[in-house]
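Please read the following report beside the sequence and the coordinates. It begins with charged side chains and then widens to the chain as a whole.

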Amino acid sequence: FVNENKCRVVHYFGKVEQSYQYHLAGHSILPVENVCDLGVHFDSSLRFDKHVSEVTCKANYQLLCLRRNFRKFNLRSFIAIYKSTV
């Protein structure tokens with residue numbers, strides 16, 4: 001089944017007449033400039049700036065959490081903990 005409330009229209013590499021409306025099961029589908037599909041952000045120019053920004057932000061947050069939680073450990077302790085979890 002298709003959830004018409006989650007459907008969006010993205011026009012890649014071109015402009016379509018703005019007055020054109022898409023419909024699915026009696027519902028209008030909204031046009032958007034970018035969309036997230038399976039965790040990947042796409043925009044109408046197929047640039048991945050937003051996706052790279054999101055991934056970088058998440059990675060920096062994880063690094064911050066690791067640094068904050070392990071700043072009092074010395075290298076030996078960190079390696080011992082790492083080896084015990086692998």
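## Salt bridges and their surroundings

K50 and E54 lie 4 residues apart in helix α1 (residues 49-70), and therefore about one helical turn separates them; helices here are DSSP runs of H or I with at least four residues, strands are runs of E with at least two, and both are numbered from the N terminus. The model is a predicted one, in which local features need pLDDT of at least 70 and side-chain atom pairs count only at pLDDT 80 or more, while totals for chains, interfaces and linings use all residues. Residues are numbered from 1 along each chain as its sequence is written, and side-chain values use heavy atoms, with hydrogens and water left out.

The side chains of K50 and E54 form a salt bridge, with N and O 4.0 Å apart; the term stands for a side-chain nitrogen of Lys or Arg within 4 Å of a carboxyl oxygen of Asp or Glu. K50 is partly exposed, at a relative accessible area of 40%, and E54 is likewise partly exposed, at 32%, where buried means under 20% relative accessible area, exposed over 50%, and partly exposed in between (1.4 Å probe, protein chains only). Through salt bridges with shared partners, D43, R47 and D49 are joined into one network.

| Salt bridge | N to O distance |
|---|---|
| R47 and D43 | 3.5 Å |
| R47 and D49 | 3.3 Å |
| K50 and E54 | 4.0 Å |

Which residues does H41 contact, leaving aside its neighbours within four places in sequence? H41 is in contact with V35, C36, R47, F48, K50, H51 and E54, contact meaning heavy atoms within 4.5 Å. H41 itself is found in strand β5 (residues 40-43) and is buried, its relative accessible area being 16%.

## A nonpolar patch

F73, L75, F78, I79 and I81 form a nonpolar patch on the surface, and together they have about 430 Å² of accessible area. Patches are made of residues with over 30% relative accessible area and no salt bridge, with like charges joined within 9 Å and nonpolar side chains (Val, Leu, Ile, Met, Phe, Trp, Tyr) within 5 Å; the areas come from the Shrake-Rupley method with a 1.4 Å probe, and for residues only the protein chains shown count as cover. L75, one of the patch residues, is found in helix α2 (residues 75-85) and counts as exposed at 63% relative accessibility.

## The chain as a whole

The protein chain has 2 helices and 5 strands, which run β-β-β-β-β-α-α from the N terminus on. Buried residues make up 9% of its 86 residues, and the accessible surface comes to about 7,800 Å², of which 58% belongs to carbon and sulfur atoms. Among contacts between residues at least 6 apart in sequence, 20% join residues at least 24 apart.

The chain averages a pLDDT of 81, and 90% of the residues score at least 70, pLDDT being the predictor's confidence in each residue, from 0 to 100. Confidence is lowest in α2, at a mean of 74, and highest in strand β1 (residues 8-9), at 88.
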